[in-house]
Protein chains: 4
Amino acid sequence: MREIRIGLIGAGFMGRAHAIAYREVGAVFDLPAAPVLEVIAEIDQRTAAAAARKLGFRRATGDWRQLVNDPAIDVVDITTPTAQHREIAITAFAAGKHVYCEKPLAMTAAEARGLAARAAKTGVVTMVGFNYLKNPIQALAKEIIASGEIGEITDFRGIHAEDYMTSADAPMHWRCGGPRGSGVVADLGSHILSLARFLVGPIASVCGTLDTIVKQRPVARGSRRRQRVQADDQARFLVRFERGCGGTVEASWVQAGRKMQLAYEITGTKGSLAFTQERMNELKLYTAGQKPGREGYKTIATDPNHPPYGAFCPAPGHQLGFNDMKVIEVRDLLLAVAGKGKAWPDFREAWEIQRVIDAVIRSDAGRRWVRIDEIERRK
Amino acid sequence: MREIRIGLIGAGFMGRAHAIAYREVGAVFDLPAAPVLEVIAEIDQRTAAAAARKLGFRRATGDWRQLVNDPAIDVVDITTPTAQHREIAITAFAAGKHVYCEKPLAMTAAEARGLAARAAKTGVVTMVGFNYLKNPIQALAKEIIASGEIGEITDFRGIHAEDYMTSADAPMHWRCGGPRGSGVVADLGSHILSLARFLVGPIASVCGTLDTIVKQRPVARGSRRRQRVQADDQARFLVRFERGCGGTVEASWVQAGRKMQLAYEITGTKGSLAFTQERMNELKLYTAGQKPGREGYKTIATDPNHPPYGAFCPAPGHQLGFNDMKVIEVRDLLLAVAGKGKAWPDFREAWEIQRVIDAVIRSDAGRRWVRIDEIERRK
Amino acid sequence: MREIRIGLIGAGFMGRAHAIAYREVGAVFDLPAAPVLEVIAEIDQRTAAAAARKLGFRRATGDWRQLVNDPAIDVVDITTPTAQHREIAITAFAAGKHVYCEKPLAMTAAEARGLAARAAKTGVVTMVGFNYLKNPIQALAKEIIASGEIGEITDFRGIHAEDYMTSADAPMHWRCGGPRGSGVVADLGSHILSLARFLVGPIASVCGTLDTIVKQRPVARGSRRRQRVQADDQARFLVRFERGCGGTVEASWVQAGRKMQLAYEITGTKGSLAFTQERMNELKLYTAGQKPGREGYKTIATDPNHPPYGAFCPAPGHQLGFNDMKVIEVRDLLLAVAGKGKAWPDFREAWEIQRVIDAVIRSDAGRRWVRIDEIERRK
Amino acid sequence: MREIRIGLIGAGFMGRAHAIAYREVGAVFDLPAAPVLEVIAEIDQRTAAAAARKLGFRRATGDWRQLVNDPAIDVVDITTPTAQHREIAITAFAAGKHVYCEKPLAMTAAEARGLAARAAKTGVVTMVGFNYLKNPIQALAKEIIASGEIGEITDFRGIHAEDYMTSADAPMHWRCGGPRGSGVVADLGSHILSLARFLVGPIASVCGTLDTIVKQRPVARGSRRRQRVQADDQARFLVRFERGCGGTVEASWVQAGRKMQLAYEITGTKGSLAFTQERMNELKLYTAGQKPGREGYKTIATDPNHPPYGAFCPAPGHQLGFNDMKVIEVRDLLLAVAGKGKAWPDFREAWEIQRVIDAVIRSDAGRRWVRIDEIERRK
């Protein structure tokens with residue numbers, strides 16, 4: 001069987017999740033090509049070597065450029081902080097590598113656009129890790145919408161709220177240090193926007209606000225020195241989709257109690273759907289025209305009728321977890337690299353998501369509705 | 001015991017609910033005054049007489065003016081279609097009667113403002129039937145917020161969605177016949193706005209849109225003749241409260257599957273609340289600072305610790321229903337008429353709610369943020 | 001319209017709930033006869049007079065015999081402690097009155113049997129207040145079962161758990177003072193058994209145990225003197241229905257956290273139902289043969305398709321509460337007294353429920369399966 | 001690092017789940033020893049070779065005896081049908097191998113007892129795959145109970161219901177072919193019993209019934225020929241734990257709609273717990289003594305405070321799935337083989353579970369209470 005040799009940059013939370021996925025994917029799916037954990041890069045040689053031992057990579061390096069330019073490598077897998085994505089990706093494109101990058105792809109829409117444009121020129125496979133899209137229940141939701149089971153879509157109500165920055169003692173991190181719009185709207189907002197686009201389609205215009213609720217944070221954990229926060233920690237905006245329907249979207253990392261409220265309600269002329277990632281194996285479905293006295297939302301649990309659930313488990317009721325989403329994501333990557341199917345969401349899609357975010361930032365600044373195509377024109 | 005003599009105008013759904021409440025209230029609460037079902041008015045004498053027999057009124061009339069001017073009447077209770085509210089209320093004020101009116105108070109904010117102004121001059125008791133506010137769980141929510149248990153409020157996410165107009169075969173009714181803004185934003189929007197104001201306080205500005213999703217409806221049930229609908233059936237808007245925090249609000253009567261999604265999530269710096277009228281006896285509460293490993297939302301069920309639940313039932317677990325809210329509302333009315341406490345929400349409050357609605361209408365028309373105090377100035 | 005004159009004995013929690021129901025029932029339902037609150041009896045004249053004022057009775061008495069023998073009275077309504085039920089009911093039968101009695105009807109099956117036998121001889125209407133049966137959602141459940149929508153019934157899993165006696169400081173009450181079997185199995189067990197019989201039919205045999213978990217309690221609230229408890233506070237038993245299927249039943253008043261877990265899961269060869277009184281307006285329904293990928297439990301909310309919900313509220317989503325069940329119960333009583341329909345559950349049914357309880361007591365004592373018809377034979 | 005060489009017998013659903021777990025475990029946990037996928041055995045060489053390629057084993061064999069006697073193998077991992085467990089395990093013990101076996105360990109308690117006795121003599125590590133015990137939320141439940149947070153345990157209400165055999169057209173399988181007691185009580189009953197013992201402790205006696213609801217099944221999928229079913233498909237029993245408290249237990253594979261209702265409610269004198277595997281990342285906790293008006297069940301979601309969740313994911317809200325339980329199970333196995341800690345549940349525990357099942361079978365046959373120690377004495 002053909003081998004696809006992986007070079008992974010970064011061994012943090014996401015780096016490790018990727019490694020686990022590569023190790024598992026071949027046993028779960030029947031693939032035309034097998035991933036090989038070839039090289040891992042970390043901040044220095046020693047850290048890299050430890051990660052290689054832990055995660056099962058053949059080689060280790062303290063220099064990501066070496067990895068990127070290694071002729072043995074087929075796929076450059078980027079799990080570093082976002083600020084580094086651009087340089088690594090450009091170098092990888094120059095070396096003719098396929099690029100798999102954690103979300104968000106870039107610091108701004110302009111940066112994302114540049115990367116998408118380069119990717120388009122080189123023709124390599126690109127993919128961005130919006131893992132929540134890989135939940136089989138989202139494919140089900142999309143199928144329900146596409147089949148017309150809930151009619152024409154008339155409303156999207158989406159949110160991604162967590163609470164990990166609720167405490168004013170949670171220290172600054174790279175996302176807090178940026179300007180208004182570099183915060184939660186980009187971090188968590190991109191997830192709910194990726195679902196909105198996946199399920200309801202392109203967004204035409206937005207109108208919203210960005211708040212900074214916690215105005216000062218310690219410069220580091222436990223430090224008494226506090227720094228002013230300018231980045232947003234709470235975003236709310238109205239959206240209008242190209243298909244005509246509207247919606248509301250929220251993103252927040254200061255909503256006490258919410259651990260993973262990546263949730264939506266989608267309404268159509270004949271029914272509706274409701275989902276929250278906190279119960280990621282369930283989808284609520286209502287369809288009009290039920291027998292009177294028997295109307296109600298149905299709670300559908302993921303089962304072998306919802307591919308690729310069955311690859312993990314042949315029986316219903318055995319739930320998938322977060323790491324399984326990454327296995328599906330890696331499958332999609334490997335298939336695309338092997339010439340079977342298209343990787344998705346790719347850099348182009350990541351740019352489209354970023355455009356919406358930039359439109360929200362502009363809307364907040366100008367207190368007005370902003371068309372998404374304004375973003376394309378000016379940058 | 002003192003008697004408070006009621007004149008009820010209208011014997012439809014709400015008229016009957018009021019009558020039930022008057023009959024029940026004395027057995028539930030210890031009151032300083034007893035309501036007497038003195039006169040009921042309906043469209044004609046015969047209908048009124050039947051309603052009087054059914055609901056237990058002493059007398060009946062086909063002429064509401066006669067009721068309003070009857071010296072025996074203390075309280076004029078208006079449950080007619082909204083278009084008639086103004087004239088009846090003005091006549092009642094002229095006769096020096098207390099006025100209890102179903103929501104919405106008026107067709108426009110200007111009309112509501114006029115009524116509120118007149119009420120203020122006459123000094124009578126006024127109350128508007130925003131019955132969902134009377135749920136003891138809302139008093140609990142308000143207490144939790146006021147006590148600081150969830151910290152400073154940072155977000156309000158509210159909705160009132162139903163589905164009774166989802167079908168394009170649902171016929172026109174008086175609300176559909178009006179212009180953009182006379183539809184669901186006023187009908188259901190007023191309920192979620194009443195809760196927003198009750199729990200989070202005055203609203204400073206709004207920005208939103210009104211959609212008309214079903215564009216034609218039969219002129220009557222079963223008719224083939226269809227008429228163009230101009231009124232809104234789906235509203236979405238951003239709000240900014242005077243206390244500084246923001247939020248999103250939706251109102252819709254075309255959300256298939258939603259029978260009574262009058263729901264909110266309120267987040268503060270130290271916790272959050274979540275409620276839906278579909279489970280009207282439950283409130284979800286999260287407070288920060290729980291023991292690690294034991295964090296979670298608590299589901300609180302209404303019980304005798306949440307007055308006036310205990311007046312209905314001395315034990316927990318015995319739920320309240322819709323009609324019980326009306327009994328509490330009527331209690332509040334009777335207490336105010338008897339000089340104990342203040343009726344609330346009164347005409348002034350109804351006007352404040354209507355101002356927000358008018359601001360949304362203006363925002364939709366102008367595609368811009370509108371301050372609530374603009375409404376006051378211009379009309 | 002014909003009048004039905006009520007004599008109510010007892011003005012506690014249940015007495016008041018009955019009074020509220022009588023006051024409300026005529027406004028909710030179209031009835032061939034109107035209840036008149038004629039006389040109320042309490043422990044003494046003064047208490048009775050206060051209750052009459054509060055609840056709207058014409059007359060009051062400190063002597064229940066006077067009430068029972070009052071020629072003006074049509075229905076004797078008994079809401080006293082259970083120990084008094086027998087004597088009052090027998091006196092009422094002797095006076096030719098209809099009898100409406102709170103549950104449990106009697107202290108033992110033998111006592112219940114005697115009352116049922118006398119009632120049968122006199123031919124008066126009898127009814128016992130198993131109010132939870134009157135929830136429209138139970139009629140829906142029964143209809144679903146009867147129609148074969150879930151196939152042949154194969155399993156019943158029922159419970160009635162509350163927590164009001166969980167604390168060892170909760171004082172003795174009349175139920176605790178009796179022997180093993182006079183406790184929770186009779187008090188709460190009778191409710192879940194009434195549902196089991198209503199939905200699944202007669203029970204053929206039982207095998208179970210009774211526990212006394214809290215072994216001593218204060219003789220009165222706050223007292224330091226403690227008394228040994230012999231009555232059961234936790235019951236568990238297997239049941240076999242006459243139709244062949246089996247089940248498990250629990251009753252407990254010491255299950256910390258449960259405020260009203262009167263709940264069941266009923267499974268058939270083609271589907272299943274699940275209900276809990278804590279969400280009394282919802283029924284979960286699963287039917288086999290759903291489209292693959294769309295299988296799931298449906299949550300049905302009570303609405304006007306589930307009579308008599310529509311008599312309370314013409315629109316879905318407006319929930320019923322505990323007191324509304326009593327209004328339905330009182331409707332059924334009045335209809336039966338007026339010669340329309342049969343009162344149910346009557347004394348005979350209450351005896352049947354008590355027989356099952358006695359069989360459980362015998363099973364606990366003998367550590368064996370007990371057939372229900374053993375109870376009939378020996379007593 | 002030390003290597004632990006695995007010989008896996010069987011490449012079906014469970015064989016594959018084990019293989020995935022071995023591949024993943026080193027990247028998730030820091031282990032003192034690394035598993036090596038040395039040999040896989042299947043029904044014939046060709047099937048084995050394909051499985052080896054798919055799952056990543058070095059070698060393949062069509063003869064499990066060869067695998068068991070291979071000097072390179074440290075652990076014999078048995079995922080074959082239950083009927084083969086005994087012979088393979090005995091052969092492995094003879095070869096001095098550690099044995100990891102899927103549940104149920106054996107066909108009867110006697111067989112399990114024999115295996116446990118041999119295991120005790122040889123001193124090797126044994127483990128049985130009751131994977132649901134490895135859910136971090138069960139460790140949390142155990143900790144809550146052990147710490148006294150919910151007081152003395154007074155009730156256990158457990159069930160494991162699924163619906164995969166509900167249809168009378170579901171064909172016979174090996175479990176259906178056996179006598180009464182070889183069916184669901186052993187298959188699914190063992191899971192809920194393993195949880196009961198884990199959380200509440202040893203069981204002293206049982207009393208119950210076994211039903212065969214579907215009485216005939218096709219001999220094979222699609223076949224018209226039907227065979228009589230003697231095995232149980234619905235079990236219900238009362239239990240008494242050694243610590244004194246009682247409970248009810250059900251097991252069924254014919255409960256339409258239930259996909260994985262492995263669920264319990266555990267009540268203590270100061271609180272209670274509720275769990276269902278259908279929402280495997282959530283535990284409901286009620287503790288007495290909450291502030292009045294703020295009482296309620298808390299829904300706790302698994303997070304890094306519940307080890308070893310954090311090894312999979314450093315943030316809350318990222319759920320675990322079924323396969324993750326197997327990774328934890330394999331970790332425990334490898335630690336025990338490496339001399340760190342004790343494997344659990346071992347063959348001894350599997351035997352104890354089987355004893356309870358045998359006691360239920362005897363109780364059903366004799367329609368009486370059966371003490372667990374009767375089983376020990378007679379076999």
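Predicted model: local features only at pLDDT ≥ 70, side-chain atom pairs only at ≥ 80, totals over all residues.
Local features need pLDDT of at least 70 and side-chain atom pairs count only at pLDDT 80 or more, while totals for chains, interfaces and linings use all residues; side-chain values use heavy atoms, with hydrogens and water left out. Residues are numbered from 1 along each chain as its sequence is written, and chains are lettered from A in the order in which they are written.

**View 1. Salt bridge between D346(A) and K342(A).** A salt bridge is a side-chain nitrogen of Lys or Arg within 4 Å of a carboxyl oxygen of Asp or Glu. Here the closest N and O atoms are 3.1 Å apart. D346(A) is buried at 16% relative accessibility, whereas K342(A) is exposed at 62% (buried: under 20% relative accessible area; exposed: over 50%; partly exposed: in between; 1.4 Å probe, protein chains only).

**View 2. Salt bridge between R279(B) and E282(C).** The closest N and O atoms lie 2.8 Å apart. The pair crosses between chains, from the loop between β14 (271-276) and β15 (282-287) of chain B to strand β15 (residues 282-287) of chain C. Helices (H or I, at least four residues) and strands (E, at least two) are DSSP runs, numbered from the N terminus. R279(B) is partly exposed at 26%; E282(C) is buried at 12%.

**View 3. Salt bridge between E102(D) and K326(D).** Their closest N and O atoms are 2.5 Å apart. The pair links distant parts of the chain, 224 residues apart: E102(D) is in the loop between β5 (98-101) and α5 (109-122), and K326(D) is in helix α10 (residues 322-337). Both are buried, E102(D) at 6% and K326(D) at 0%.
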